[in-house]
Amino acid sequence: MEAAARDAQSGLEWRVTVPEGASVTVEHEAGPAGRAWAWLVACVLMLGATVSGFAKKVWKIGADDPRRVVHGLKVGVALTLVSVFYYTRPLYDGVGGASMWAIMTVVVIFEYTVGGSVYKGFNRAVATASAGVLALGVNWVASKSGDKLEPVITTGSLFLLAAAATFSRFIPTVKARFDYGVTIFILTYSLVAVSGYRVDELVELAQQRLVTIAIGIFICLAVCVLIWPVWAGQELHQLTVRNMEKLAAAVEGCVEEYFGEEEGAQAKSEGYKCVLNSKASEDSQANLARWEPAHGKFGFRHPYAQYTKLGAAMRHCAYCVETLKSCVGAELQAPESVKRLLADVCTRLGAQCGRVLREASSSVATMTTSPALDFAVADMNTAVHELQGDMRELPFTLAGEPEEASLIDAMPLFTVASLLTEISTRIESVVDAVDTMASLASFKQADDDDDKKGDAELKTKVHPLNETDSDEPPEENKTTKPSEQV
């Protein structure tokens, strides 16, 4: 009691009694200032980690494909050149205050590929000219109709043309090739028609806008074509080649993974997903490639539409590969002793399927035809006949095995063998699509010495797409059809 009284008098709030010779550590709770400082330090560290992670991602994007960095520089060069008309007094006086339209034109039509820029530039030029002329004609008719009918004619024409143009965007052909032009048509007609009712010098205004838009389109296309151009046709060509290589690796990987013959087979067997997810990229690039001028081995009227048909044939094959992949990871598996009975012939067929796809890929990559593709198809068909013969003999083989094994146990193996046979059939469809492309694009013979160097250079110029990393298209297009398609 006396000790407690002394503690109270001395201001102590608590006392800890420990045995003699023992040590004790007392931790004091940080005050408000300490907690605030700790929170500030944690925020700074978190911000630093976020900035560092973002910087690494940006660096990786640029390092994976330096053309993306060059594209940003090209846009800067184009805007710098066109801004001369705005900041230089003589040029500014020549085009008037409408020089800002040239800058706007560069911003809206400059695309990553030449085809994209030509597509938007052509649509903008035609839509602007047609809408301007039509608006001038309507304004002239309205001005001759009297003060009472003039606003009615102007407003009525705006309503009818806007409604008709908007509806035309639902037409598939217009949607695919002229959707941007229809939008510009509506915008230009509305601006000219409405301003024409209030501006007396309508013709001069329209002329200034057309000239500045033409200047912007010319500078944009010049920079896009002359400085490290990215051709949509080459991008589509290289995407098709990569997809065939990945499909070949996927077929071989699935077979090797099923029979457990190679450790890295699982990574190879995932390549079919890129084929299934590439439809949107193929359609978009094929549409843009039609607008590009002749370049390299891609002449006028190059059969870009055939690339989409070849892609469809590869996806038809990839659906079957997807089902084969699901059999690899299924819970119900055939005994290892049963698998060994067809392991050699299935592995041989998988290798032959991969060989055919690689020969087809090489033919497309070099734009040449070679009898090696026909020989590979013949070897694949021979392997199919061998597999079918072994499948017919399998029941008798199981009956003679000392180990107990029934046909029911072998059903998963029959499924895999049947899928391999179906894959070989669909690969022949891919080969047919390649042969059609070779005929339409006039592929040369592989032994043509004059084209070997150019073909080798084209084959090695494989760059990643402006894909989100890669070969994958936007998220909304990442669809995989169910295995029932097989």
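Trainee: So, a crossing is left-handed if the near helix is turned anticlockwise from the far one by less than a right angle, and right-handed if clockwise. With that in hand, is the crossing of α11 and α14 left-handed or right-handed?

Mentor: The α11–α14 crossing is left-handed. Keep in mind that this is a predicted model.

Trainee: Noted. At roughly what angle do the axes of α11 and α14 cross?

Mentor: Roughly 150 degrees, and the axes of α11, residues 232–259, and α14 come within 8 Å. Angles over 145 degrees count as roughly antiparallel, and α11 and α14 are therefore roughly antiparallel to each other.

Trainee: Which residues in α11 and α14 meet?

Mentor: On the α11 side you have A232, G233, E235, L236, L239 and N243. Facing them from α14 are S281, E282, Q285, A286, L288 and A289. By class, the α11–α14 contact has six nonpolar, four polar and two charged residues.

Trainee: OK, switching to pockets. What lines the second largest pocket?

Mentor: Y119, K175, A176, D179, Y180, D283, S284, A286, N287, L288, R290 and T308. Two or more of the lining residues come from each of α8 (172–177), α9 (179–196) and α14 (279–289).

Trainee: And where does the largest share of that second largest pocket's lining come from?

Mentor: From α14, with five residues. A286 and L288 are in that pocket lining, and A286 and L288 also turn up in the contact of α14 with α11.

Trainee: Nice link. What volume does the second largest pocket have, and how does its lining split by class?

Mentor: The volume is about 250 Å³. The pocket lining has five nonpolar, three polar and four charged residues.

Trainee: Which elements give two or more residues to the lining of the largest cavity?

Mentor: α6 (114–143), α9 and α10 (202–226). Of these, α9 gives the largest share, five residues.

Trainee: How do the classes divide in the lining of the largest cavity?

Mentor: Eight nonpolar, three polar and two charged.

Trainee: You mentioned α6. At what angle does α5 pack with α6?

Mentor: About 135 degrees, with the axes of α5 (residues 100–109) and α6 9 Å apart. That makes α5 oblique to α6. From α5, W101, T105, V108 and I109 meet G116, S117, K120, G121 and R124 in α6. The α5–α6 contact has three nonpolar, four polar and two charged residues.

Trainee: Last pair. How are the axes of α16 and α17 set, and at what angle do they cross?

Mentor: The axes of α16 (residues 336–366) and α17 (residues 371–399) come within 9 Å and cross at roughly 165 degrees. That makes α16 roughly antiparallel to α17, and α16 passes α17 in a left-handed crossing.

Trainee: How do the residues of the α16 and α17 contact divide by class?

Mentor: There are 21 nonpolar, two polar and six charged.

Notes: Residues are numbered from 1 along each chain as its sequence is written. This is a predicted model: local features need pLDDT of at least 70, side-chain atom pairs count only at pLDDT 80 or more; totals for chains, interfaces and linings use all residues. Side-chain values use heavy atoms; hydrogens and water are left out. On a 1 Å grid over the protein atoms alone, a cavity is a set of points where a 1.4 Å probe fits but cannot get out, and a pocket is an open set with protein on both sides within 12 Å along at least five of seven lines; lining residues have an atom within 4 Å of a point. Grid points are joined across faces, edges and corners, and a volume is the space filled by probe spheres set on the points. Helices (H or I, at least four residues) and strands (E, at least two) are DSSP runs, numbered from the N terminus. Ala, Val, Leu, Ile, Met, Phe, Trp, Tyr, Cys and Pro count as nonpolar, Asp, Glu, Lys and Arg as charged, and the others, Gly among them, as polar. Axes are lines fitted to C-alpha atoms, for helices over the stretch in contact, and angles run from 0 to 180 degrees between N-to-C directions. Angles under 35 degrees count as roughly parallel, over 145 as roughly antiparallel, 65 to 115 as roughly perpendicular and the rest as oblique. Contact means heavy atoms within 4.5 Å.
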